[in-house]
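Here is a walk through one protein chain. Keep the sequence and the 3D view side by side as you read.

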Amino acid sequence: MKNLHIGLLLCALFLSNTLFANEKQLSVQSLSAWTNQDGSTLYIDSVNPTTNQITGHYINRAAGYGCQNIKYPVTGWVYGTAITFQTIWQSTTQSCNSITSWTGFLYQDQIFTLWQLVINGSTNTGQIVQGKDTFSYTGATEHESLLK
Ligand code: BTN
């Protein structure tokens, strides 16, 4: 009898923890913004629930790199907590002749990634720049109004 009570208590504890954790758990969802340790922000504009494809934009603010403070397009995929996304550093304002690809996962409200930056015209894999970015949730964003 005592064992049954302990079992029930543990079950209740487990269930309440799960529910509580689920309530607080962030997900990679549309209209969310994530800022990394260098101040750059990934904006997720849409997540297609059928294809898992994401679209968004990225604003680079990392010191030592080009193409700063300009909006660049993002495309990628989410699969549960796994995520991969890319941007081409090309726009009418400024182009940096390069592409970056991030791969990572959502864990405890942060997106942990490894990235690779490849420059157009590279001839050696040693020229691919690599690094690590950790993004923290910085809020919900809104759709830009189509009305001027
Ligand atoms: C370039 O300089 O070729 C384009 C800008 C690259 C910025 C890199 S991408 C990986 C790292 N994370 C950032 O937020 N910015 C830098």
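How many helices and strands does the protein chain have? The protein chain has 1 helix and 8 strands. Helices (H or I, at least four residues) and strands (E, at least two) are DSSP runs, numbered from the N terminus. Read from the N terminus, the order is α-β-β-β-β-β-β-β-β.

This is a predicted model: local features need pLDDT of at least 70, side-chain atom pairs count only at pLDDT 80 or more, and totals for chains, interfaces and linings use all residues. Residues are numbered from 1 along each chain as its sequence is written, and side-chain values use heavy atoms, with hydrogens and water left out.

Now go to strand E5, residues 82–88. Its covered face carries Ile83, Phe85 and Thr87. Its uncovered face carries Ala82, Thr84, Gln86 and Ile88. In a regular strand, side chains alternate between the two faces of the sheet.

Which strands pair with E5? Strands count as paired if DSSP finds at least two bridges between them. E4, residues 71–79, pairs with E5 in the antiparallel sense over 6 bridges. Here Val78 stands opposite Ile83.

Step back to the whole chain. Of its 148 residues, 29% are buried, meaning under 20% relative accessible area with a 1.4 Å probe, protein chains only.

Terms used: Buried < 20%, exposed > 50% of the residue type's maximum accessible area, 1.4 Å probe, protein only.
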